[in-house]
Amino acid sequence: MTINLAQFCDQIQPQILGIHPYVPGKPVSDLQRELGLTRISKLASNENPLGASPSVIAAITTELSEIARYPDGGAYILKDALSKFLNLPMSQITVGNGSNEMLELVARVFAGPGDEIVYSQYGFAVYPLCAQIVGATGVEVPAKLYGHDLTAMLEAITERTKVVFIANPNNPTGTVFGKDEWETFISQVPKKVVVVLDEAYLEYCDYADYPKGSDYLSSYPNLLVSRTFSKAYGLAALRVGYMVGCAEIIQYINQVREPFNVNHYAQVGAAAAIQDQDFVQKSVALNKSGMNQILDALNRFKLEYIPSSGNFIAVHFGEKASVINQKLLQSGVIIRPLGGYGMPETLRVSIGSEGENQHFIDALGVILNELEAN
Ligand SMILES: Cc1ncc(COP(=O)(O)O)c(C=O)c1O
C-alpha cells in the first residue's frame, strides 16, 4: 500500500516541511562502494586522526558484558568525572548524544513559534536547524571577515529573541574572537536571553586572548557552554558531549532530555577520556604539525584560505571548487564542500594524520596541474 504524500503533508508540522537535513561528511564506505578505491583519506568531518586514548578502549572493553542493561540515566560516572575536571558541581552539568543534542535541547526549552534564535552567517549548520525544528524564526547576522560580528549580533537581539548561538572557534571557518569582544557582547545581552557558547574546538585553539566560556558562568546565569568528546578526545562514534550553565537552566534541559540519551559505552568512554589529558595534548600537537603541513602546501599552490583555530581549514578554490572536489573524491580524498553554507567556491579540509594530509596535498597538486594545463 502506498502513502498519499499530499494528504500526509497536511499532518506534518509546517516548520518541519521546509527543513533541509544536515549533510554530514561522505562516509568512507560510500566512496569505497562507489569507486572501489582502497586508499581513502576522510578529511571531511573534523575527526581525530589519532583515534581515541587506549584507556577509553580498555574501559569500554571491560564493560562489554553490560550490553543488555540500560545505561545510568543520570550519567553519574561521566558527570562526576566532568565535575572534577571542570571544578563545577554536577548540578551545573548535563550530557548529550553529542553536543549537537544539547544545542537542540536548548532550542526546545526556550523557543517556539513566534520566537527568534540569532546566529551568524557561516555559523555551524545545526543552529538554523534548531530554530526550524522548534518553529522559531532563525535570524542570520552577516559575518565579519568570515567570523562572528558580535556587535551586529547584539543589535539583532529583539524582544522576541530567546537564544543566541555562537561558536568559538567557529566551524566551518575556523575564526576566533578574543576577550574584549566577548566581554563587551555578553555584558550587554539582555539577561533573559540565553547565550550558547559552543566550544567544540576549544582544545585546538591556542589563541592567547581566548575567552574560555566556563570562566564567565558565575557572572552570567544566562550563559550556557557546550563542548564535545567528538574532536580532540576522538570519540565521534560514541556521540557524547556536555553542557554547563546555571543549575536552574540545566535542570530544565534535563527535563526534556531523553531518559537514556547517552549510552553506557559513551559514558564510560568519555569518563576515561577525561583522565587522559596527555592524549588530548598529543592530538593537539599532531593537529598543529598537520595544519603547518597543509598550510605550507596551500601557500606553495598560492591558494587563499581562512586562518583557522580549529582542526580544519577552509580553502578558497574559486569557480573550480566543485570540479576539484569531484577530482579529489576520485583520488580517494574526501573533504567538505561548503555550498550549503553559502560558500560554493570554498572547500573545508580537516587536518588528518601526516599520511592523510600528504594524500590530500599530492592529489591536489596533480589536479591543479591538470586544470592549469587545460
Ligand atoms: C561548532 C560545532 N558544534 C557542535 C558540533 C557537534 O558535535 P557533536 O555533536 O559531535 O558533539 C560540531 C560538529 O562538527 C561543530 O562543528
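## Polar contacts of N222

In this predicted model, a polar atom of the N222 side chain sits 2.9 Å from the backbone oxygen of V193.

As for its place in the fold, N222 belongs to the loop that runs between β6 (194–198) and β7 (223–228). Why is N222 counted as buried? Its relative accessibility is 2%, and buried means under 20%. Setting aside neighbours within four places in sequence, the residues in contact with N222 are V189, P190, K191, V193, V194 and V195.

## A nonpolar patch on the surface

Let's turn to the surface, where L5, F8, I12, I16, L17 and I133 make up a nonpolar patch. Together they have about 520 Å² of accessible area. Two helices, α1 (5–9) and α2 (14–17), each provide at least two of the patch residues.

Another member of the patch, I133, is found in helix α7, which covers residues 126–133. Is I133 buried or partly exposed? With a relative accessibility of 30%, I133 counts as partly exposed.

## Two domains

The domain assignment of the protein chain gives two pieces to look for: domain 1 (8–51 + 278–373) and domain 2 (54–275). Their C-alpha centres are 24 Å apart. The contact between them takes 31 residues from domain 1 and 29 residues from domain 2.

Key. Residues numbered from 1 in each chain as written. Predicted model: local features only at pLDDT ≥ 70, side-chain atom pairs only at ≥ 80, totals over all residues. Heavy atoms only, no water. Helix = DSSP H or I, 4+ residues; strand = E, 2+ residues; numbered from the N terminus. Buried < 20%, exposed > 50% of the residue type's maximum accessible area, 1.4 Å probe, protein only. Polar contact = N/O pair within 3.5 Å; in protein donor to acceptor, adjacent residues only side chain to side chain. Contact = heavy atoms within 4.5 Å. Patch = residues over 30% accessible without salt bridge, like charges linked within 9 Å, V, L, I, M, F, W, Y side chains within 5 Å. Areas by Shrake-Rupley, 256 points an atom, 1.4 Å probe, with all protein chains shown as cover. Salt bridge = Lys/Arg side-chain N within 4 Å of Asp/Glu carboxyl O. Domains from an automatic or database assignment.
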